[in-house]
Amino acid sequence: MTNTMAKYTFTAALMFVMLTSSSASAQSEPSPSGVAETKTLSVTISPFHLVSGIFEAGLEYAITPRDSAMIIGGYGVQQSALDDETNLEIPTILLGAQYRRYVLGDFDAGLHVGAEFSYINASASTEFDGITVEADATGIAPGVFVGGKHTFDFGLTSELQVGGLYYLFFGRAEASAGETTVEETDQSPGEFGLLVNLNLGWTF
């Protein structure tokens, strides 16, 4: 991601956080009984992943009005062009988990900080000129973030998170022709990257 894009992303995140923080008190107003009504479950999807052909969904549960845990899962088949006539299909699996602490507002709307752990696996196989090639790649990425969440009165929910992560990738490739097989493994050095999550969904 370019520096310019990163600046725009952080600016958008700050604006969103300001909006959710200012509305947090309104969202948490007490009910007539005097007890604040806070919802306990959010179901969201990631538009970013849909663009790349992966459906990712998250389920966030309020442990307390200010603490929550989220599980994340995704699957999709991406396309990669080998040549003008051949597209390689790459099944991809995403798994993850988050812990969030709402420092302003609560589960319904407000500013939160948290930690995330993600796992991704992609695999593919193809054959050309009598050679079968299989490849498998796995990545893990722990990270931390700050985010804003807003839930409208009727349940529609939007949230944006920005932070940093550290990711590692492990890869394996195998080529075989007849009785001959060649296998190669690779591990990328760990790298730091920008974490950006945009989720839309419903809170119950």
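Predicted model: local features only at pLDDT ≥ 70, side-chain atom pairs only at ≥ 80, totals over all residues.
Residues are numbered from 1 along each chain as its sequence is written, and side-chain values use heavy atoms, with hydrogens and water left out.

Back to Glu159. At 1% relative accessibility, Glu159 counts as buried; the cut-offs are under 20% relative accessible area for buried, over 50% for exposed, and partly exposed in between, with a 1.4 Å probe and protein chains only. Glu159 forms a salt bridge with Arg100, and the closest N and O atoms are 2.8 Å apart. Glu159 lies in strand E7 (residues 156-177) and Arg100 in strand E4, so this pair ties together parts that are 59 residues apart in sequence. Arg100 is buried too, with a relative accessible area of 0%. A salt bridge, for the record, is a side-chain nitrogen of Lys or Arg within 4 Å of a carboxyl oxygen of Asp or Glu.

Glu60 sits in strand E2 (residues 54-64) and, at 1% relative accessibility, counts as buried. The Glu60 side chain makes a polar contact of 2.9 Å with the side chain of Lys149, and another of 2.8 Å joins Glu60 to the side chain of Tyr102. A polar contact is a pair of N or O atoms within 3.5 Å; within protein, one must be able to donate a hydrogen and the other to accept it, and residues adjacent in sequence count only if both atoms are side-chain atoms. Leaving aside neighbours within four places in sequence, Glu60 is in contact (heavy atoms within 4.5 Å) with residues including Ser42, Met70, Phe107 and Glu159.

Aromatic rings join in here as well. The charged end of Lys149 sits over the ring of Phe107, 3.6 Å from its centre; the rule asks for NZ of Lys or CZ of Arg within 6 Å of the ring centre and within 35 degrees of the ring normal. Phe107 also has an aromatic partner: the rings of Tyr102 and Phe107 have their centres 6.3 Å apart and their planes at 65°, so the pair is edge-to-face. Rings of Phe, Tyr and Trp (its six-membered ring) pair if their centres lie within 6.5 Å, with planes under 30 degrees apart counted as stacked, over 60 as edge-to-face and the rest as tilted. Both Tyr102 and Phe107 are buried.

Another edge-to-face pair is Tyr167 with Phe169, at 5.8 Å centre to centre and 70° between the planes. Here the setting is partly exposed, at 23% relative accessibility for Tyr167 and 36% for Phe169. Elsewhere, Phe152, Phe154 and Trp202 form one aromatic cluster.

Now for the strand pairing, which takes at least two DSSP bridges between two strands. E6 and E7 run antiparallel and are joined by 18 bridges; Ala135, for instance, has Ala173 as its bridge partner in E7. In the hairpin of E6 and E7, with 4 residues between the strands, Gly155 takes a positive phi near 115°. E7 also pairs in the antiparallel sense with strand E9 (residues 191-203) over 12 bridges, and 8 bridges join E7 to strand E8 (residues 180-187), again antiparallel. E7 and E8 form a hairpin with 2 residues between them, and Gly178 in the turn has a positive phi of about 65°.

One last stop among the 5 salt bridges of the structure: Arg101 and Asp67, whose side chains meet at 2.7 Å, N to O. Arg101 lies in strand E4 (residues 87-105) and Asp67 in strand E3 (residues 67-81), so the pair ties together parts that are 34 residues apart in sequence. Arg101 is partly exposed at 34%, whereas Asp67 is buried at 13%.
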